[in-house]
Amino acid sequence: MPALLRAARRAVAYAWALPTTAVGLPFLPLALLSRSGGARVVDGVLELHGGAVSFFLRRCTLLRGGASAMTLGHVVLGRDPHLLQVTRNHERVHVRQCERWGPLFIPAYLLASFLVLLRGGRPYEDNPFEREAYRKA
């Protein structure tokens, strides 16, 4: 594939995922202002960790014990640099899902969890988005 076409496809993917990415961007100053926090770009994805980011993942998710990491478009939140590295492959599957679903990613993910729950399943483990991420990671 010619380089120009690849660049155009990447630009469209970033633009389509931008509404979901925008949900994650407010965590950037929270990570940077924390003594234990930080930010870096890895493979075109902004990874944030520490401070309020870590607090959010531990206390503000519906997962028992909290989440190690979470993807919001091209932003990945992690409790710490180690967990960002350990979960990177899994979270990159979610980045690709965000690129595919665009602004519909968060509603589709939540709806999938709700439908799994209605059927008596586990809303996180049986969510098709998570199953794909665990399978491909």
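Buried here means under 20% relative accessible area, with exposed over 50% and partly exposed in between (1.4 Å probe, protein chains only). At 12% relative accessibility, serine 113 therefore counts as buried. This is a predicted model, where local features need pLDDT of at least 70 and side-chain atom pairs count only at pLDDT 80 or more, while totals for chains, interfaces and linings use all residues. Residues are numbered from 1 along each chain as its sequence is written, and side-chain values use heavy atoms, leaving out hydrogens and water.

Serine 113 sits in helix α5 (helices are DSSP runs of H or I, at least four residues, and strands are runs of E, at least two, numbered from the N terminus). Its neighbours within four places in sequence aside, serine 113 is in contact (heavy atoms within 4.5 Å) with Pro123 and Asn127.

Now for α5 and its partner helix. The axes of α5 and α6 come within 8 Å and cross at roughly 100°, and are therefore roughly perpendicular (65 to 115 degrees). Axes are lines fitted to C-alpha atoms over the stretch in contact, with angles from 0 to 180 degrees between N-to-C directions.

| Helix | Residue range | Residues making the contact |
|---|---|---|
| α5 | residues 105-118 | Phe105, Ala108, Tyr109, Ala112, Val116 |
| α6 | residues 128-136 | Pro128, Phe129, Glu130 |

Zooming out, the protein has six helices and four strands, in the order α-α-β-β-α-β-β-α-α-α. Its C-alpha trace spans about 45 × 40 × 25 Å along the principal axes. Of the 137 residues, 42% count as buried.

Definitions and conventions: Parallel < 35°, antiparallel > 145°, perpendicular 65-115°, else oblique.
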